[in-house]
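Student: Could you take me through one part of this protein up close, and then show me how that part sits in the rest of the fold? I have the sequence and the structure open beside me.

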Amino acid sequence: MWIAKFKIWHKNCLLRPRCIKYQITDLVYLINSWKEKNKFYYTELHILQGTEENKKKFIKDLKKEKSIQKIEQKGNYIFTLNEESLEKQYYTPVFDPKIIQVKPVAQRSDGYEDWEIASWDRETLMKITEVPVFEVEIKSVKETKLSEIFFPHIFPKLSPKQKEAIELAVKSGYYNYPRKIDLEKMAQIKKVKRQTFQENLRRAEKKIIPFLTESLN
């Protein structure tokens, strides 16, 4: 199996300006694409990371996008159906069924995208670099065994404060070894007492960890 990691500046991405504006990281799973009646359609799954207030602003703004025909939300997940002119078929390589999405595409709040994809065929992966609206930095392309793969699952329902706490912990390196941040610092970032932040984080962990254990089994 071939695995490639790319850092991409997507010139005309409809998500990028919104992610920058609202300081959102959008984890995108590319589901499918097709042609119908002289139009190019594609479906995506979005998982947003950021404050609850900014997520709501992001979604409200996204609904104004003319190319988005349908949008549905299920908990932390947002599904979108996009309709584009046939000239946008240059996106077809990213929906190639030969591609396995090892991780969701991370549309970062600084405007760049992180891609990690796999295929039995190296050439299939390299076609991503030929998409005309992509400026691609190749981080790595190597042949290796596929050790992990992303499958979207519906996570346990967390309160807004719990989601913010665990997202900040992950993003800030709280679960790294050694840890890059402590509870006191994260509480300061969220402008709450240490005990309050710790309670929100622990409640989130209590819900998520059993779910992950069940998924592993």
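Tutor: Happy to! Let's look at helix α2, where E52, N54, K55, F58, I59, D61 and L62 are buried. Please keep in mind that this is a predicted model.

What covers these buried residues? The cover of α2 includes α1, β2, β3, β4 (68–74), β5 (77–85) and α4.

D61 belongs to helix α2, which spans residues 52–62. Its relative accessibility is 15%, and because buried means under 20%, D61 counts as buried. Leaving aside residues up to four places away in sequence, D61 touches R18, K21 and Y22. Helix α1 covers residues 16–22, and α1 is among the elements that cover the buried residues of α2.

Now pick out F58, another of the buried residues of α2. The largest nonpolar core holds 33 residues, and F58 is listed with F6, V94, W115, I117, I128 and F134 as the members that touch the most other members. At least two residues of this core come from each of β1 (2–10), α1, β2 (25–36), β3 (39–49), α2, β8 (113–119) and α3 (122–126). The largest share, four residues, is supplied by β1.

Not counting residues up to four places away in sequence, F134 touches I8, W9, H10, Y91, V94, W115 and I128. Of these, V94, W115 and I128 are also on the list of core residues that touch the most other members.

There is also a second, separate core, with 14 residues that include I166, Y174, I181 and I208.

Most peptide bonds are trans, and most residues other than glycine have a negative phi. Y177 and P178, however, are joined by a cis peptide bond, with omega about 0°. You will find P178 in the loop between α4 (160–172) and α5 (183–190).

K37 is not a glycine, yet it has a positive phi of about 50°. The loop between β2 and β3 is where K37 sits. K37 counts as exposed because its relative accessibility is 76%.

K191, not a glycine either, has a positive phi of about 60°. K191 is placed in the loop between α5 and α6 (194–216). With a relative accessible area of 76%, K191 is exposed.

Finally, step back to the whole protein. Its secondary structure comes to six helices and nine strands. A compact globule of 217 residues would have a radius of gyration near 17 Å, and the 19 Å of this protein agrees with that. Along the principal axes, the C-alpha atoms fill a box of roughly 55 × 40 × 30 Å. Buried residues make up 44% of the 217 residues. Among contacts with a separation of 6 or more, 68% are between residues 24 or more positions apart.

Key:
Residues numbered from 1 in each chain as written. Predicted model: local features only at pLDDT ≥ 70, side-chain atom pairs only at ≥ 80, totals over all residues. Heavy atoms only, no water. Buried < 20%, exposed > 50% of the residue type's maximum accessible area, 1.4 Å probe, protein only. Contact = heavy atoms within 4.5 Å. Rg over C-alpha atoms; globule rule 2.2 N^0.38 Å. Core = buried A, V, L, I, M, F, W, Y, C linked by side-chain atoms within 4.5 Å.
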